[in-house]
Amino acid sequence: MALPGLSLPGLGLYSTPTPVYGGPVPPPSEQVSRREDLPAQAEWRFEAAFHQQYTIRVLQGHAELFGVELANNQSYNLSGCKGAIFTWQGCLLEVTGEAESEYAAQETEYAVEWLNLHGMLETARNERASDGPRVLIVGPDHTGKSSLAQTLAAWAVRAGRTPTVVNLDPREGLLAPPSSLTAVTVGSQMDVENGFGISPISGPTITPVKTPLIYHYPYASSTDRPAVYKALLTRMALSTINKLEEDPLAKQSGIIIDAPGSLNDPKSGYDAIHHLVSEFSINLIITLGSERLYNDLNRRYAASKSADEALPVLKLAKPGGAIERDAGYMKQLRTRHIRQYFFGTSKESLNPHSHMLSTDDLAIYRAKPTSGESEKTSFGADEDDDYDPSGSSTTTSANTAFEKVTPSVAMTGSLIAIKFCPADSEEDTVRDSAVMGYLYVADVDEARKKVRFLAPHPQRWGDRALAWGQWPEAVADLVT
Ligand SMILES: Nc1ncnc2c1ncn2[C@@H]1O[C@H](COP(=O)(O)OP(=O)(O)OP(=O)(O)O)[C@@H](O)[C@H]1O
């Protein structure tokens, strides 16, 4: 079944212009510009729709977006972004385009707390050069965890550090599409418009690629397959820590972990927090937006321990501007990330390549769907017993997440992870193996036994296992 309007180089058709944003945006000439004079320690909060151009230019003074400094007199297109331009000393902004919501806010005490935290981390980096801070950020959804992780990383980069940022939320990829759990050592400043951006992992880009370490968790929530999630955390911790051993500067700069809101639940999430703390040897926990979580973790890691053993747990206020993003917005964001993975951004476009393969030459492993509450077990003791990091034990239903399948039209529009492991690997090996890159299934012809993939790279991936899951959802109009 072909996707509607599919037209790609290599598919015998024509390529469409690089679609970076969700749809047509009105030309800037039709849009009204206005000026906003922000006093010191104020921020311009905005919620810009995907289909509307919304640009901001700093005319005077200094301003930053989640720690990344904006250059003066440069227009930044922030359509589809919800965030805040913050200024420490005051600034004059030029704002062009319509936003769903925008206002100047002066209740920004959170920023001072974040800066103090950054100062604390810098002190720790200077005092313990051989072992930098390992920070775990936890809290409910929409409390600013990702914003804090990005801001701390951006400030660290501005201070000449190379922090390693770990994203453990499969709903939002970091340098990779959704369903990715990523660790990346950040050596250069992030992009204002695209944050950490998106990287084709093994594909060509104009700017030097940040090389993320990626694991594939094709479920929306950590609680969908707790044992699998936990297994991947162990793998990530091992690989990340080993990598840092080879890079003293990165080791000194430390690790900043952005955990998903699903870990906030005592029943289904705390065990994963404890697992993370031990696997990554966390030495600082930051809680955002939840008194209960703070108290629970403080009791467990600090209050009940001796001074030598205590693991500090800090409580930070949720930024007033951090807002819930509805399901429709999140879906558009996922589609944008997937699109950017293959086509790049307006600044840095990519040319994806098509590959036609016979179904006989493919080893596709499907992540078993979760079929209801009975499978959504907690990270409890039973699951601990199931998990064998060596992968050598007899598998159980809780951690055997993959099964080999014959390619079918049901895959059309889906993302497929290319695993580093060989095609004939055991299912547990497929589950645990890191990701080399992603493919998009453009077309499956069951009768002719052919599959057309879109890939960021012209070369084939060789004899490797491919993993397919139902998360993120299929994107039907990636190629129009
Ligand atoms: N100070 C602020 N002003 C305006 N918007 C903000 C501010 N801080 C965060 N936001 C926005 O609020 C939304 C939620 O913030 P963020 O993603 O950092 O929270 P989170 O806790 O990581 O959420 P989730 O767990 O759902 O991923 C984001 O769109 C973010 O850009």
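Residues are numbered from 1 along each chain as its sequence is written. Because the model is predicted, local features need pLDDT of at least 70 and side-chain atom pairs count only at pLDDT 80 or more, while totals for chains, interfaces and linings use all residues.

**The annotated N-terminal domain**

An unreviewed UniProt entry places the feature "domain: Clp1 N-terminal" at residues 38–127. UniProt positions are given in the numbering used here, feature names are shortened, and annotations may be inferred rather than shown by experiment. Over residues 38–127 the chain is 21% helix and 42% strand, with the end C-alpha atoms 37 Å apart. Helices (H or I, at least four residues) and strands (E, at least two) are DSSP runs, numbered from the N terminus.

**Two open sheets**

Strands of a sheet pair through backbone hydrogen bonds, either parallel or antiparallel. Here two strands pair if DSSP finds at least two bridges between them.

An open sheet of four strands, with antiparallel pairing, has the order E1-E8-E3-E6. Strand E1 (33–38) and strand E6 (75–77) stand at its edges with a single partner strand each, so one side of each is left without a neighbour in the sheet. On average, neighbouring strands of this sheet are turned by 25 degrees against each other, direction ignored. Three bridges pair strand E3 (residues 55–61) with E6 in the antiparallel sense; threonine 55 has asparagine 77 in E6 as its bridge partner.

Another open sheet holds seven strands in the order E17-E22-E21-E20-E23-E18-E19, and its pairing is mixed. Its edges are strand E17 (353–358) and strand E19 (402–405); each has a single partner strand, so one side of each is left without a neighbour in the sheet. Neighbouring strands of this sheet are turned by 40 degrees against each other on average, direction ignored. Strand E21 (residues 435–445) and strand E22 (residues 450–455) run antiparallel and are joined by five bridges. The bridge partner of valine 441 is phenylalanine 453, in E22.

**Two helix pairs**

Axes are lines fitted to C-alpha atoms, for helices over the stretch in contact, and angles run from 0 to 180 degrees between N-to-C directions.

| Helices | Angle | Distance between axes |
|---|---|---|
| H1 (residues 109–127) and H2 (residues 145–158) | about 50 degrees | 10 Å |
| H3 (residues 226–245) and H5 (residues 270–279) | about 15 degrees | 10 Å |

H3 is therefore roughly parallel to H5. Angles under 35 degrees count as roughly parallel, over 145 as roughly antiparallel, 65 to 115 as roughly perpendicular and the rest as oblique. H3 passes H5 in a right-handed crossing; a crossing is left-handed if the near helix is turned anticlockwise from the far one by less than a right angle, and right-handed if clockwise. Tyr229, Lys230, Leu233, Thr234 and Ala237 of H3 make the contact with Ala272, His275, Leu276 and Glu279 of H5, where contact requires C-beta atoms, placed from the backbone, within 7 Å. The residues of this contact divide into five nonpolar, two polar and two charged. Ala, Val, Leu, Ile, Met, Phe, Trp, Tyr, Cys and Pro count as nonpolar, Asp, Glu, Lys and Arg as charged, and the others, Gly among them, as polar.

H1 and H2 also cross in the right-handed sense. Trp114, Leu117, His118 and Leu121 in H1 meet Leu148, Thr151, Leu152 and Trp155 in H2. That contact has six nonpolar, two polar and no charged residues.

**Local backbone features**

Glutamine 41, in the loop between E1 and strand E2 (42–47), has a positive phi of about 55 degrees although it is not a glycine. The peptide bond from tryptophan 471 to proline 472 is cis, with omega near -5 degrees; proline 472 is found in the segment after strand E23 (464–468).

Key
Two residues are in contact if their C-beta atoms, placed from the backbone, lie within 7 Å.
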